[in-house]
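Work through the exercises below with the sequence and the model open. Try each task before reading its solution.

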Amino acid sequence: MLRGGRGAVAALRRAAGSRGAGGQGQGQALEPTLLRFLVCPLSKRPLRYDESTNELVNEELGIAYPVIDGIPNMIPEAARTTRKKPPADSLKETSGPAGPQQ
């Protein structure tokens, strides 16, 4: 999702022009000027670019969108979960004793 109007369109055009022919797969990094215009399509909040994984990360929701050939894939179904699920044992401890109460 984009914010910023004409500035965002100009940044996209520059990024598209700088890619050239023969993309490099997921190894191609995101154009830094795009980051200020991109927001999470679910929360509408800014994203953080993680260069080591080549992903746009939403810390608040615990999801990361992949960047493929320098293009962010902002489809929510394409995002991966970044938070670990709590262990099953911790859920049992908070549920209370089993059996009928007297």
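Residues are numbered from 1 along each chain as its sequence is written, and side-chain values use heavy atoms, with hydrogens and water left out.

**Exercise 1.** Find which elements have the lowest and the highest mean pLDDT.

Solution. Start with the scale: pLDDT is the predictor's confidence in each residue, from 0 to 100. The chain average is 76, and 56% of the residues score at least 70. Next, take the elements; helices (H or I, at least four residues) and strands (E, at least two) are DSSP runs, numbered from the N terminus. Where pLDDT is low, the predicted coordinates should not be read in detail.

**Exercise 2.** Describe how E2 pairs with E1 and with E3.

Solution. Two strands pair if DSSP finds at least two bridges between them. E1 (residues 48-50) runs antiparallel to E2, with 3 bridges. E2 and E3 are also antiparallel, over 4 bridges. Now follow leucine 56 of E2: tyrosine 49 stands opposite this residue, and its bridge partner in E3 is tyrosine 65. Then inspect the turns. The E1–E2 hairpin has 4 residues between the strands, and asparagine 54 takes a positive phi near 55°. The E2–E3 hairpin has 4 residues between the strands, and there glycine 62 takes a positive phi near 70°.

**Exercise 3.** Is asparagine 58 buried or exposed, and what does its side chain contact?

Solution. Asparagine 58 is in strand E2. Its relative accessible area is 2%, so the residue is buried (buried means under 20%, exposed over 50%, partly exposed in between; 1.4 Å probe, protein chains only). Next, look for polar contacts (N or O atoms within 3.5 Å; within protein, one able to donate a hydrogen and the other to accept it, with residues adjacent in sequence counted only if both atoms are side-chain atoms). Its side chain makes one of 3.0 Å with the side chain of serine 43. A polar atom of the asparagine 58 side chain also lies 2.9 Å from the backbone nitrogen of leucine 61.

Notes:
Predicted model: local features only at pLDDT ≥ 70, side-chain atom pairs only at ≥ 80, totals over all residues.
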